[in-house]
Amino acid sequence: METLVVALGGNALLQRGECLSAENQYRNIATVAGALARLATRYRLAIVHGNGPQVGLLSLQNQAYTEVPAYPLDILVAETQGMIGFMLAQMLGQQTGMPEVSTVLTRIEVDSRDPAFASPEKFIGPVYPPESQQELETLHGWKMKADGRFLRRVVASPVPKRIVDIDAIQQLLARGHVVICNGGGGIPVFEDGNGAKAVIDKDLSAALLARQLKAQKLVILTDADAVYEHWGTSQQRAIRRATPAQLAPFAQNDGSMGPKVAAVSAFVNYSGYPAYIGALDQIEAVLAGDAGTCISATA
């Protein structure tokens, strides 16, 4: 049986503009649970999820209670892994024919010398009006950057180097479990085992997981149905098949499609196996090559 790594992002847990309530997250997970259950009968399945909105919310709640010093980002990432992993496991476990589902609290080693620590770029949390920048940076010690017309908090996002808990993930997959792991990109830790104040990109983390598991397929699901040429213009066109070299111009650190293209390209170049980018509600069609974008070693 082949191994498949699925990275859930975009509307996997929350539609744009929705309240970040437990009810809304359960409802959104339910829309993809059936398809994941069917895939679990055909693949050894590992699931990675994002946590941008959730870790941002926890950070705000964390700052609101001043009687206790604020928890650092590594602990907040661990909290989101437990919360989202539990919700995914609950919904997936209700599907007919679903194998055992296990959530692994996953640590990811990052380099303490990574330049991301000197130049934070990863957006987390809600948007703010531009005029509030000085107040927020002074009050919370945050670094703020423009996100379109608004302002958002940015944190370091170092490159994932090693999955500390890979043995546990491999053993559970070998026993037939569906494994939820690398949640939110993984809990960032340094070489000495200490936690890092950072958030790891979940797509780069999923690609690393796919490489370490020697997976035959990697699929990144988002709220865009494919990679597009000339996006946002009258000439926009979905790219259905491409090589990493052909998609290289799209692999920019733009906080949107760029990291996804970079992640799948790295996996394809390393393994020679195909990877896919597509919409959450089209996962089976994406894997069949009937939707989304397939990235392969040869055109």
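Start by selecting Leu218, which stands opposite Ala275 in strand 15. Helices and strands here are DSSP runs, numbered from the N terminus (helices are H or I of at least four residues, strands E of at least two). You are looking at a predicted model, where local features need pLDDT of at least 70 and side-chain atom pairs count only at pLDDT 80 or more, while totals for chains, interfaces and linings use all residues. Residues are numbered from 1 along each chain as its sequence is written, and side-chain values use heavy atoms, with hydrogens and water left out.

**Stop 1: strand 11 and its partners**

Now show strand 11 together with strand 15: the two run parallel and are joined by five bridges. Two strands count as paired if DSSP finds at least two bridges between them.

Which way do the side chains of strand 11 point? Lys217, Val219 and Leu221 point one way, and Leu218, Ile220 and Thr222 the other. In a regular strand, side chains alternate between the two faces of the sheet. Six of the six residues of strand 11 are buried, so the strand is largely enclosed by the rest of the structure. Buried means under 20% relative accessible area, exposed over 50%, and partly exposed in between (1.4 Å probe, protein chains only).

**Stop 2: the core**

Next, select Val5, Ile169, Leu209, Leu213, Leu218 and Ile277. These are the residues with the most contacts inside the largest nonpolar core, which has 39 residues. A nonpolar core is a set of buried Ala, Val, Leu, Ile, Met, Phe, Trp, Tyr and Cys residues joined through side-chain atoms within 4.5 Å. Elements that give two or more residues to this core include strand 1 (3-8), strand 2 (44-49), helix 5 (166-174) and helix 6 (202-212). Helix 8 provides the largest share, six residues. Apart from this core lies another, of 34 residues, among them Leu39, Ile84, Met91 and Leu280.

Zoom in on Leu209. Setting aside neighbours within four places in sequence, Leu209 is in contact (heavy atoms within 4.5 Å) with Val5, Ala46, Val48, Ile163, Ile166, Ile169, Cys181 and Asn182.

**Stop 3: two single residues**

Go to Lys260 in helix 8. Is this lysine buried or exposed? Lys260 is buried, with a relative accessible area of 12%. Beyond its neighbours within four places in sequence, Lys260 is in contact with Lys202, Asp203, Ile220, Thr222 and Ile277.

Then pick Val104, in the loop between strand 3 (101-103) and strand 4 (107-109). Val104 is buried too, at a relative accessible area of 11%. Leaving out residues up to four places away in sequence, Val104 touches Gln81, Asp165, Ile169, Leu172, Val179, Ile180 and Cys181.

**Stop 4: across to domain 2**

Colour domain 1 (3-110 + 159-295) and domain 2 (121-155) separately; these bounds come from an automatic or database domain assignment. Their C-alpha centres lie 25 Å apart, and the contact takes nine residues from each domain. About 770 Å² is buried between them, with carbon and sulfur atoms giving 66%. Buried area is the accessible area (1.4 Å probe) that two parts lose on being put together, summed over both. On the domain 1 side, select Leu60, Gln63 and Val199, which lose the most area to domain 2, together 47% of what that side buries.

**Stop 5**

Finally, show the open sheet of three strands, ordered 5-7-6 with antiparallel pairing. Its edge strands are strand 5 (122-128) and strand 6 (143-147), each pairing on one side only. Strand 6 and strand 7 (residues 150-155) are antiparallel over five bridges, and Lys145 is opposite Arg152 in strand 7.

Helix 4 (residues 133-140) packs on the sheet, touching strand 5, strand 6 and strand 7, and its direction makes about 150 degrees with that of strand 6. Axes are lines fitted to C-alpha atoms, for helices over the stretch in contact, and angles run from 0 to 180 degrees between N-to-C directions. End on Leu139 in helix 4, which is exposed, with a relative accessible area of 59%.
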